[in-house]
Amino acid sequence: VQLQASGGGLVQAGGYLRLSCALSGRTFSDYRMAWFRQASGKEREFVAVISRSGGMTSYTQSVKDRFTISRDNAKNTMFLQMNSLKPEDTAVYYCAADQYGPVGSRAYTYWGQGTQVTVSS
């Protein structure tokens with residue numbers, strides 16, 4: 001399984017970005033997918049998860065009502081729409097995939113390379 005994340009960049013506070021994560025090498029719909037992020041000097045943290053069918057999602061509290069996770073199983077791609085961005089959202093964002101486990105699990109086998117999101121004040 002290979003994951004390729006893209007869509008990061010520099011944006012002003014209040015702006016928006018859309019991240020994408022493409023999975024190759026396996027059947028995308030077999031995988032629970034998630035976004036994590038890691039700010040400089042901090043530990044990696046969970047951001048959002050989406051179930052294999054896309055019918056269930058969950059978010060960390062700090063991004064609820066601002067971020068939306070989605071997936072297109074026909075295009076083997078997951079998305080993270082990030083609105084009302086804040087400077088504290090600045091981090092490297094990683095996509096992750098796992099074939100097993102429930103949506104609530106934070107264990108993931110496959111990781112993308114990360115894409116930098118920088119929000120200026």
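Biologist: How many bridges pair E3 and E8, and in which sense do the two strands pair?

Modeller: Keep in mind that this is a predicted model. In it, E3 and E8 are paired in the antiparallel sense over six bridges.

Biologist: What makes E1 a partner of E3?

Modeller: The reasoning is the one we have just used, because at least two bridges are required and five bridges join E1 to E3, which run antiparallel. As an example of a position in this pairing, serine 6 has serine 20 in E3 as its bridge partner.

Biologist: Why are E1 and E7 said to stand at the edges of the sheet?

Modeller: The sheet is an open one of four strands in the order E1-E3-E8-E7, with antiparallel pairing. E1 and E7 each have a single partner strand, so one side of each is left without a neighbour in the sheet, and that is the sense in which they stand at the edges. From one strand to the next, the twist averages 15°.

Biologist: Why is the aromatic pair of phenylalanine 36 and phenylalanine 46 called edge-to-face?

Modeller: A search of the whole structure finds five aromatic pairs, and for this one there are two values to set against cut-offs. The ring centres of phenylalanine 36 and phenylalanine 46 are 5.7 Å apart, which is within 6.5 Å, so the rings pair. Their planes stand at 75°, which is over 60, so the pair is edge-to-face. Phenylalanine 36 belongs to strand E4 (residues 32–38) and phenylalanine 46 to strand E5 (residues 45–50), so the pair ties together parts that are 10 residues apart in sequence.

Biologist: Which distant parts of the chain does the pair of phenylalanine 36 and tyrosine 108 link?

Modeller: This aromatic pair is also edge-to-face, at 5.6 Å centre to centre and with 75° between the planes. Phenylalanine 36 lies in strand E4, whereas tyrosine 108 lies in the loop between strand E9 (91–98) and strand E10 (110–111), 72 residues apart. Ring pairs link Phe36, Phe46, Tyr108 and Trp111 into a cluster.

Biologist: How do you know whether phenylalanine 36 counts as buried or exposed?

Modeller: The relative accessibility of phenylalanine 36 is 6%, and buried means under 20%, so this residue counts as buried. Tyrosine 108 has a relative accessible area of 10%, which is also under 20%, so tyrosine 108 is buried.

Biologist: What makes you say that the charged end of arginine 32 sits over the ring of tyrosine 108?

Modeller: One condition is a distance within 6 Å of the ring centre, and another is a position within 35 degrees of the ring normal. The charged end of arginine 32 is 4.4 Å from the centre of the tyrosine 108 ring and is assigned as sitting over it. Likewise, the charged end of arginine 106 sits over the ring of phenylalanine 46, 3.5 Å from its centre.

Biologist: Which residues touch the most other members of the largest nonpolar core?

Modeller: That core has 28 residues, and those touching the most other members are Met33, Trp35, Met78, Leu80, Met82 and Tyr93. Apart from it lies another core, of seven residues, among them Ala34, Phe46, Val49 and Tyr108.

Biologist: Why is aspartate 65 called exposed, while asparagine 76 is called partly exposed?

Modeller: Aspartate 65 has a relative accessible area of 83%, which is over 50%, so it is exposed. For asparagine 76 the relative accessible area is 28%, between the cut-offs of 20% and 50%, so asparagine 76 is partly exposed. Aspartate 65 lies in the loop between E6 and E7, and asparagine 76 in the loop between E7 and E8.

Biologist: What is the value of phi for aspartate 65 and for asparagine 76?

Modeller: Aspartate 65 has a positive phi of about 75° although it is not a glycine, and asparagine 76, likewise a residue other than glycine, has a positive phi near 55°.

Methods
Residues numbered from 1 in each chain as written. Predicted model: local features only at pLDDT ≥ 70, side-chain atom pairs only at ≥ 80, totals over all residues. Heavy atoms only, no water. Phe/Tyr/Trp six-rings, centres within 6.5 Å; stacked < 30°, edge-to-face > 60°. Buried < 20%, exposed > 50% of the residue type's maximum accessible area, 1.4 Å probe, protein only. Core = buried A, V, L, I, M, F, W, Y, C linked by side-chain atoms within 4.5 Å. Axes fitted to C-alpha atoms, helices over the stretch in contact; angles between N-to-C directions.
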